[in-house]
Amino acid sequence: MLKIKNIETAYGNLKVLRRISMHVDPGEIVTIIGANGAGKTTLLHTICGLLKPRAGEMVLQGNDLCRLSPEKIVKLGCSLVPEGRQVFATMNVRENLILGAYVRYKKDKKKALAELDKIFALFPVLKERENQLAGTLSGGEQQMLAMGRSLMAKPALIMMDEPSTGLAPLIVKNIFEIIVKLKESGNTVLLVEQNAKAALAIADRGYVLETGKIIVQGPAEDLLANNDVQRAYLGREAV
Amino acid sequence: MSAKKYLPVLWLLLIVVAVQLATSYSGKEFYLTQLTMTSYYCLLVIGLCMVMGYAGQISLGHAGFFAIGGYTSAALTTNNFASYSELTVMQLLNRYGCIITTEDMFGDTIINFHPWLAFAAAILLTTIIAFAIGIPVLKLKGHYLAMATLGFGVIIYRIVLASEALGEADGISEVPAFVLIKGLSVNGNMDDRVINYYIAWGILTIGALLLINLINSRTGRALRAIHASEEAASAMGINTARSKLYIFVISAVFAAVAGAMLTHYNGGIGPSEAGVMKSVRYVALVAIGGMANFWGALTMAATLNFLSLRGMFGSYDDAVFGAILILIMLFAPNGLFKLSPIKAIRQIINRDRR
C-alpha cells in the first residue's frame, strides 16, 4: 500500500528525518512509536504532503507522492487525523463530517452523504451531537469527530497522529477499540503514538523512531518483548 | 434548514419596503437618497465580510476595487472616443448597439460606450486585476497580507489622482444614467428616487442571496475550515490557495459592482472613493458587525454608512471609523452583537489585578 524509501525531511538546516524506510501493507495497523521530538509528526506530515522531503521515495498504491500537493494526496486516498484533533470549532458536527468528504462531494454528493450514516453508526455519539458546534464537544468526542471526518474521504490509508493526547484513560481505551474495529472492517491504519504500550497492543507491526531514525522494527509482539523498547518506552527494567 | 437561512432575507425586504412607505408618507423622501448610496456600500461590505470573516484574510485594498469599477464605468461612458471610430472593433460594437453617438453644441460627434458595455468592462477588468493581485498576495498571511493590499489601495489612489483621462483630483462628472432595461435606469433624478432605492436594495438582496448560498455550499464550508485551521483544511483535501483566491476575486467583483452602480447614481466619482481611509472604513464595518457574522456586518454597514452620509459625524468622519476599529479590536473582537458589557468590564478589571 504505502512504501517509503530513504526519506529525508528538514526544517531549514535542521535534519529531522534521516533516511527513513518503512512500508504499510493493506489491512494492517502499523504503529510508529517514539519520544517527543523523534520526528513522528514530521514523518506523517511528509507523507501527506504538508512537508516536502529533501530526498527519498514515497509510493502509495503505485503513485509517487514526493512532488504532490496535500490535496492531491488526499484524492489518492491518504487521509490524516491531525494531532490535537483540529476539528473546525465554529462549524457543527455535520458540517465537519461533510468537509471530510470534500474531495468526493462535488462528483458524488449522494454517496458522500450516504457515508454519513455509516459514520454515525460507528460513532453514535456524533449522531446525538449532529447540530452542535464542534468546539463545544468533549475531547473524546472531538477525537471521534476527527476520525469520522477523515473516514468520510473513504481513504485507502488512515493516518492518526497521537489520538490519545489529552484524553482520559477510559476514553483512550474506547478510541483504540474503534481503531481495531476500523481494521476489522478492512481499513489500513498508520498510527503514531507516544503511548507505546497501548499502540503496540493493537498493532500488527511497529517501528521505533529515535532522533529521526528508525532504530528497531518488527511485529508488535516482538517489540513489546524487546528489552531496549521496554526500557526506553514501556517504563520497565528488563529482568 | 434551507428555509430558515432565507428568513433574514425576507426580513430585509420587509424593512426595505417599510422604510420606503414610512418616508414617502411622512414627506421625508429625501432620506431615500442616502439609503440608496448606503445600500451600494453595503454590497461592498458583505463581499469583504466573506474575505475577512469566512476566509480569514484581511484586505485593506477594497476601496481600490470599488474605484476600478466606478472609474472604468465613468471613463467609458463620458470620455469621447470619436477619434477611434474608424477601428473595426468600434464598428462591430456599433452594429450591436454598444455605442452611443451624440452631437455636442458645436455639431461635433461624440462617441461613448453604452453603460452595459462599460459595466461589463469594469467587471472584467476588476476580475483580471483581482486575480493578478490575489495570486501572489494571498500567499502572505496576517499583517503582511494587510500591508500588501494596503499598497495596492495606495497605488490605485495615486493612479486615479494622476491620470488625465480619469479627471485627476476632480474625478469624473456628468456620468450618464445607466438604463438597465427600458424604463428602469440608475440615475440621481428626483423623480426616480423611489425606483432607484428599490433597484439598489434589490441588487443588495440578490448579492446577499448569492453569498448565503455560497456560505452553505461546499466552497463555503472549505472557506470556514481554512479560517479554523489551514493545516487541517489542507489535510481534508482542500486546495487552500485556490479557495482563498476565489473568494477574494468574488468580493472584488462585489466592490466593483457597487462602485459602478454608485457612480451612475451619483453621476460621478472622485479620487476620495479610492482613498485608504475608505478601505479602513470597510474593514471597520466588517469588524464591528462581527467578522464572520454576515447579517451583523450588513446591519452595521447600513446603520453607520447612513449616519455618515447624513453628515452625523461631521468632519470627524474618518476619525469616527478609525476609533470604531480600535475600540472593537480592544473590547469586542467578536463584534458588537457578541458583546456582553458586564463580562467585558470584569475582564478589564481582572487584567489590571494580574
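Two residues are in contact here if their C-beta atoms, placed from the backbone, lie within 7 Å. The model shown in these views is predicted.

**View 1. Helix 8 of chain B and its surroundings.** Helix 8 of chain B spans residues 218-228, and nine of its eleven residues are buried, so the helix is largely enclosed by the rest of the structure. The buried residues are G220(B), R221(B), A222(B), L223(B), R224(B), A225(B), I226(B), H227(B) and A228(B). They pack against helix 3 and helix 4 of chain A. Within chain B, they pack against helix 2 (31-54), helix 7 (193-215), helix 9 (230-235) and helix 10 (240-266).

**View 2. The contact between chain A and chain B.** On the chain A side, 22 residues are in contact with 16 residues of chain B. The elements of chain A that give two or more residues to this side are helix 2 (70-75), helix 3 (93-100) and helix 4 (102-105). By class, the chain A side has 15 nonpolar, three polar and four charged residues.

**View 3. The open sheet of chain A.** Six strands of chain A form an open sheet with mixed pairing, in the order 6-7-8-3-9-10. Strand 6 (78-81) and strand 10 (213-219) stand at the edges with a single partner strand each, so one side of each has no neighbour in the sheet. On average, and with direction ignored, neighbouring strands of the sheet are turned by 15° against each other. Strand 9 (residues 205-210) and strand 10 of chain A pair in the antiparallel sense over six bridges. In strand 10 of chain A, G218(A) is the bridge partner of G206(A).

**View 4. Strand 3 of chain A and its two partners.** Five of the five residues of strand 3 of chain A are buried, and the strand is mostly covered. I29(A), T31(A) and I33(A) point one way from the strand, while V30(A) and I32(A) point the other way. In a regular strand, side chains alternate between the two faces of the sheet. Strand 3 of chain A pairs with strand 8 of chain A in the parallel sense over five bridges, and V30(A) has L190(A) as its bridge partner in strand 8 of chain A. Strand 3 of chain A also pairs in the parallel sense with strand 9 of chain A, over four bridges. Here the bridge partner of T31(A) in strand 9 of chain A is G206(A).

**View 5. Helix 8 of chain A on the sheet, with two loop residues.** Helix 8 of chain A (residues 169-184) lies across strand 3 (29-33), strand 7 and strand 8 (188-193) of chain A, and runs at about 155° to strand 8 of chain A. K154(A) is in the loop between helix 7 and strand 7 of chain A, and E162(A) is in the loop between strand 7 and helix 8 of chain A. Phi of K154(A) is near 50°, a positive value in a residue other than glycine; phi of E162(A) is also near 50°. Most residues other than glycine have a negative phi. K154(A) counts as partly exposed because it has 17 C-beta neighbours inside 10 Å, and E162(A) counts as buried because it has 22.

**View 6. Helix 3 and helix 5 of chain B.** The axes of helix 3 (residues 62-78) and helix 5 (residues 115-137) of chain B come within 8 Å and cross at roughly 145°. The crossing of these helices of chain B is right-handed. Residues of helix 3 of chain B in this contact include F65(B), I68(B), G69(B) and L76(B). Those of helix 5 of chain B include P115(B), F119(B), L125(B) and I129(B). The residues of the contact divide into eleven nonpolar, five polar and no charged.

**View 7. H264(B) in helix 10 of chain B.** H264(B) is found in helix 10 of chain B and is buried, with 28 other C-beta atoms within 10 Å. Leaving aside neighbours within four places in sequence, H264(B) is in contact with S73(B), P115(B), V175(B), A177(B), F178(B), V186(B) and N187(B).

**View 8. V286(B) in the largest nonpolar core.** The largest nonpolar core has 167 residues, of which M159(A), V45(B), A258(B) and V286(B) touch the most other members. Leaving aside neighbours within four places in sequence, V286(B) is in contact with V45(B), L48(B), C49(B), M52(B), G53(B), M291(B) and A297(B).

Methods:
Residues are numbered from 1 along each chain as its sequence is written. Chains are lettered from A and ligands numbered from 1 in the order in which they are written. This is a predicted model: local features need pLDDT of at least 70, side-chain atom pairs count only at pLDDT 80 or more; totals for chains, interfaces and linings use all residues. Two strands pair if DSSP finds at least two bridges between them. Axes are lines fitted to C-alpha atoms, for helices over the stretch in contact, and angles run from 0 to 180 degrees between N-to-C directions. A crossing is left-handed if the near helix is turned anticlockwise from the far one by less than a right angle, and right-handed if clockwise. Ala, Val, Leu, Ile, Met, Phe, Trp, Tyr, Cys and Pro count as nonpolar, Asp, Glu, Lys and Arg as charged, and the others, Gly among them, as polar. A nonpolar core is a set of buried Ala, Val, Leu, Ile, Met, Phe, Trp, Tyr and Cys residues joined through C-beta atoms within 7 Å. A residue is buried if 20 or more other C-beta atoms lie within 10 Å of its own, exposed if 12 or fewer, and partly exposed in between; C-beta atoms are placed from the backbone.
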